[in-house]
Amino acid sequence: MMIRVAQLLLVLAALALWGASRLPWVQVTSFDGLGQPKTVILDGATWVSALTPLALLLVAAAVAVLAVRGWPLRALAVLVALASGLTAYLAITQWVMRDVSIRGAGLAEVTVASLVDSQRFYWGAVLALAAAVVALAGAVLLIRSAGTARAATTKYQAPAARRAAAQDDAVRDTDDGMSERMIWDALDQGRDPTAGPGPEKEGR
């Protein structure tokens, strides 16, 4: 159940990142003195080129969950957590960056000298940050479910596989030491149960 919820969270986070990549993040206005002022709106995919690859990574992780268990599932959860941290960092950068005009001019392919105005938008960053939180929640659920996945796998083993495992356990128990019944049988026969097997006597 936790794995299904984690998959749903990863897909929702991927959709949120895709939406954030389509929203405007920065607007740049320039004027070269020859014509009308030119305004260029930079969307999330242009301003933060990693948004789309991160969204694809989350979708791939949601699909890969179906094929991995145990430590590979934990490794996948760690990868999702790292992607979540990177997404959060990119979103927070939109707030803490002092000036977006110089980078905006470069992405809009206009000269810095011709810049008239620049404006940043925050809805895309908010959506990306929300996606990071949702993806982190999915990673936590994947780590928690990795511990129970092994037990579930054993539960649904074929009867033949369970019998083989039981026989292996019985062999290991015999190798480790004698059972209580074997000890009592040896004592009834007058043998020392702690003594190792000795050479057979001739004539018997």
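Thr87 lies in helix α4. In this predicted model, Thr87 has a relative accessible area of 3%. Buried means under 20%, so Thr87 counts as buried. Beyond its neighbours within four places in sequence, Thr87 is in contact with Leu17, Leu54, Ala128 and Ala132. Three other helices supply residues to the core discussed below, including α1 (2–22), α3 (51–64) and α6 (123–155).

With neighbours within four places in sequence left aside, the contacts of Ser84 are Ala132, Val133, Ala135 and Leu136. An α-helix has 3.6 residues a turn, so residues three or four places apart point the same way. The helix α4 itself has 26 residues. From its first C-alpha to its last, α4 reaches 37 Å, close to the 38 Å expected at 1.5 Å a residue.

The overall fold was examined next. The protein contains eight helices and three strands. Along the sequence, these elements follow the pattern α-β-β-α-α-α-α-β-α-α-α. The protein has 204 residues, and buried residues make up 31% of them. Contacts between residues at least 6 apart in sequence were also sorted by separation. Of these contacts, 72% join residues at least 24 apart.

The largest nonpolar core has 42 residues. Leu17, Trp25 and Leu58 have the most contacts inside this core. Two or more core residues come from each of α1 (2–22), β1 (24–30), β2 (38–43), α3 (51–64), α4 (71–96), α5 (101–108) and α6 (123–155). Helix α1 gives the most, with nine residues. In soluble globular proteins, nonpolar side chains tend to be buried together. Leu17 shows which residues meet in this part of the structure. Apart from neighbours within four places in sequence, Leu17 is in contact with Leu51, Leu54, Ala55, Leu58, Thr87, Ala128 and Ala131.

The strands form an open sheet of three, in the order β2-β1-β3. Pairing in the sheet is antiparallel. Strands β2 and β3 (115–120) stand at the edges. Each has a single partner strand, so one side of each is left without a neighbour in the sheet. From one strand to the next, the twist averages 15°.

Strand β1 pairs with β2 in the antiparallel sense over six bridges. Thr29 has Thr39 in β2 as its bridge partner. Val26 stands opposite Leu42 in β2. Strand β1 also pairs with β3 in the antiparallel sense, here over five bridges. On that side, the bridge partner of Ser30 is Leu115 in β3. Six of the seven residues of β1 are buried, so β1 is largely enclosed by the rest of the structure.

Ser49 is found in the loop between α2 (44–47) and α3. With a relative accessible area of 57%, Ser49 is exposed. Ser49 and Ser21 are 28 residues apart in sequence. In space, their C-alpha atoms are 8.4 Å apart. Glu109 lies in the loop between α5 and β3. Its relative accessibility is 72%, and Glu109 counts as exposed. Most residues other than glycine have a negative phi.

Database annotation was then compared with the model. The unreviewed UniProt entry gives the annotation "transmembrane region" for residues 46–68, 75–97 and 121–143. In the model, residues 46–68 are 70% helix and 0% strand. The end C-alpha atoms of that span are 34 Å apart. Residues 121–143 are 91% helix and 0% strand. Their end C-alpha atoms lie 35 Å apart.

Methods. Residues are numbered from 1 along each chain as its sequence is written. This is a predicted model: local features need pLDDT of at least 70, side-chain atom pairs count only at pLDDT 80 or more; totals for chains, interfaces and linings use all residues. Side-chain values use heavy atoms; hydrogens and water are left out. UniProt positions are given in the numbering used here, feature names are shortened, and annotations may be inferred rather than shown by experiment. Helices (H or I, at least four residues) and strands (E, at least two) are DSSP runs, numbered from the N terminus. A nonpolar core is a set of buried Ala, Val, Leu, Ile, Met, Phe, Trp, Tyr and Cys residues joined through side-chain atoms within 4.5 Å. Buried means under 20% relative accessible area, exposed over 50%, partly exposed in between (1.4 Å probe, protein chains only). Contact means heavy atoms within 4.5 Å. Two strands pair if DSSP finds at least two bridges between them. Axes are lines fitted to C-alpha atoms, for helices over the stretch in contact, and angles run from 0 to 180 degrees between N-to-C directions. The expected span of a helix is 1.5 Å times one less than its number of residues.
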